[in-house]
Amino acid sequence: MSVHWKSWLSNEGAKHLFLVFWLALNLWLFCGSFVYYSGPQYYYLLQMIGLGLCVSRASASVLNLNCCLILLPICRTLLGCLKGSQKVPSRKTRRLLDKNKTFHATCGITICIASAIHVGAHMINAFNFSVNYSEDFPELNVASYRNEDPRKIIFSTVPGVTGVLMVLVLFLMCTASTTAIRLSNYNIFFYTHNLFFVFYMLLIVHVSGGVLKYQSNLEGHPPGCFHLNKSAQGDIHVPGFAGESSASSFETFQQYFPAQESFAQNNFGKVCTEDPVFKPHFPETWLWISGPLCLYCAERLYRYIRSSKPVTITSVISHPCDVIEIQMIKEDFKARPGQYIILHCPGVSALEQHPFTLTMCPTDNNATFGVHLKVVGDWTERFRDLLLSHSNEAAEILPILQQRHYPSLYIDGPFGSPSEEVLNYEVSLCVAGGIGVTPFASLLNQLRSSWEQYKLRRLYFIWVCRDIESFHWFADLLCMLHEKLWQENRPDYLNIQLYLSQADGMQKIIGEEYQALNSRLSVGRPCWKTLFQELAKCNRQKTVGVFCCGPKGISKALHRLCNSSNSFGTTFEYNKESFN
């Protein structure tokens, strides 16, 4: 299967271009810092600790950049405003904003790698500070005496203690972010990930120790010059390693930094009467992270105020296969089809909260909005028990309205998602696997109200489920939309294909009113290659938006086919649904 260059550029071009720019920026900062800290103002410090200084400072520059960038992709409200406004008119740019979760994870991995390099370099620095203790320049020394235990140096300085604590926090955050821990115990991920604020506070304090110093009087005291000793004997004193002559000092420096040989040759032999003056670095980390940190804190404050008022739950419906539908009302709540909200129920957990796609959005005539959630973990199980009575709910097949006193429920959002772009294509293909149908339910609801105002003119909707009962979740919605389009003489607007992946023989959706769906129900899995060939043939020279929310196997197959070539000039743009 060959790759179609136009489709590949449409799907991968902007992402790879941004990645190259980000990598180049990291490399430029690393190399620039490495060269800067091998300059003449660090001549004496380099003699003491060698290349460890350059490596530690270069990796610190990479850390500053990524600690700055990692907060921006999780400013959900800001990203949602950008996606929904005319400030980002380009669809490709909006699709690039949907990669925010991937970029957040990439910055996190880079922080871990740069931290490992930074810590390793400083461990070597601590050893060299101990071994190469300088009697000539005591203010440059971090060690208190020659051959001091490097572990004592680390645990007796502010940068050392804060560095150890940051490594511990970073280890907890990274290990708890793995897929296995997130799926098995979300609480561990949630609580450890919120340690990022502790990490940033330690990071600001970490650079305030003033351990590394630079020479500030290069003109009055060229590094490496012969300093006229003011002692009674009038001997000439040569700065360098303790106990070394000027020749051995120069040879050592020449061995570690051959690139500065010409500089050293020009200055060795000069006589100066001014002592070198050393000053600690001005902390720069706060300049990198203060802006994004303030932006993120301001957004969290805004979200806290916005979500401080509970919603009014109007109804709770129990659907087959452990799916609960919640319908709510909240004053001044507005949302676009495809967006999601975050639910917080204090009766279930004081801090834990989870994202769910809106399956019904408020309109001008109806303020009700709703979500469908599948019971798959501890939080959803406890939430279901609070919402529903315990009377034989597991035996129910059809949805049953549960009338009772509902617990307090708070929502945060709405937030943007890739599914918002479905209505911005002339032709769209929506592929759902099981409960992954929820991002498309609100879109179908919106089309039922009015489809003429959108750019979309043909929608292919494919839904794959394991159990026949799962189709009951939105069977009524699909039938009503199908009937509406037929009455308006637009039967080709919506193409519905339902697949029952696990069944011994042909089955039907129970209910006389679902005959229109039964005729579109197949047993087995879709043949994606054949499907894409038919789509390309029916939509020659057009751009088709492909949207997927389901298992990784389906997602990978669709992504590969979107980049493959076809003989009809059709371009497929792939969009993967994922919560942030």
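These legends accompany close-up views of one predicted protein model.

Residues are numbered from 1 along each chain as its sequence is written, and side-chain values use heavy atoms, with hydrogens and water left out. Because the model is predicted, local features need pLDDT of at least 70 and side-chain atom pairs count only at pLDDT 80 or more, while totals for chains, interfaces and linings use all residues.

View 1. Helices (H or I, at least four residues) and strands (E, at least two) are DSSP runs, numbered from the N terminus. Of the 580 residues, 50% are buried. Buried means under 20% relative accessible area, exposed over 50%, and partly exposed in between (1.4 Å probe, protein chains only). Contacts are heavy atoms within 4.5 Å. Among contacts with a separation of 6 or more, 75% join residues 24 or more positions apart. The protein exposes about 28,100 Å², and carbon and sulfur atoms supply 60% of that area. Accessible areas come from the Shrake-Rupley method with a 1.4 Å probe; for residues, only the protein chains shown count as cover.

**View 2. Strand β7 pairs with β6 and with β10.** Two strands pair if DSSP finds at least two bridges between them. Strand β7 covers residues 323-329. Six of its seven residues are buried, so β7 is largely enclosed by the rest of the structure. Strand β6 (residues 312-319) runs antiparallel to β7, and seven bridges join them. Val 316 has Ile 326 of β7 as its bridge partner. Three residues lie between the strands of this hairpin, where Cys 321 takes a positive phi near 60°. Strand β10 (residues 369-374) is also antiparallel to β7, over six bridges. Val 323 stands opposite Lys 374 in β10. Gln 327 faces Gly 370 in β10.

**View 3. Strand β10 also pairs with β9.** Five of the six residues of β10 are buried, so this strand is largely enclosed by the rest of the structure. Strand β9 (residues 354-360) and β10 are antiparallel and share two bridges. Leu 358 stands opposite Val 371 in β10.

**View 4. A salt bridge joins Arg 94 and Glu 421.** A salt bridge is a side-chain nitrogen of Lys or Arg within 4 Å of a carboxyl oxygen of Asp or Glu. Side chains of opposite charge can pair when their charged atoms come close. By the salt-bridge rule, the count comes to 16. In the pair of Arg 94 and Glu 421, the closest N and O atoms are 2.7 Å apart. Arg 94 lies in helix α5 (residues 91-97) and Glu 421 in the loop between β12 (410-415) and β13 (427-433), so the pair ties together parts that are 327 residues apart in sequence. Arg 94 counts as buried because its relative accessibility is 10%. Glu 421 counts as buried too, at 2%.

**View 5. Salt bridges link Glu 299, Arg 303, Arg 306 and Asp 412 in a network.** Glu 299 bridges to Arg 303, with the closest N and O atoms 3.6 Å apart. Both residues lie in helix α14, four residues apart, about one turn of the helix. Glu 299 and Arg 303 are both buried.

**View 6. Arg 384 forms a salt bridge with Asp 385.** The closest N and O atoms are 3.6 Å apart. Arg 384 is buried, at 18% relative accessible area. Asp 385 is partly exposed, at 31%.

**View 7. Tyr 36 and Tyr 42 make an edge-to-face pair.** Rings of Phe, Tyr and Trp (its six-membered ring) pair if their centres lie within 6.5 Å; planes under 30 degrees apart count as stacked, over 60 as edge-to-face and the rest as tilted. A search of the whole structure finds 24 aromatic pairs. Tyr 36 is partly exposed, with a relative accessible area of 46%. Tyr 42 is buried, with 1%.

**View 8. Ring pairs link Phe 461, Trp 463, Phe 471, Trp 473 and Phe 474 into a cluster.**

**View 9. Phe 197, Met 201, Ile 204, Phe 282, Trp 286 and Leu 287 make a nonpolar surface patch of about 580 Å².** Patches are made of residues with over 30% relative accessible area and no salt bridge: like charges are joined within 9 Å, nonpolar side chains (Val, Leu, Ile, Met, Phe, Trp, Tyr) within 5 Å. Helices α11 (196-206) and α14 (285-306) each supply at least two residues. Helix α11 gives the most, with three. Trp 286 lies in α14 and counts as partly exposed, at 38% relative accessibility.
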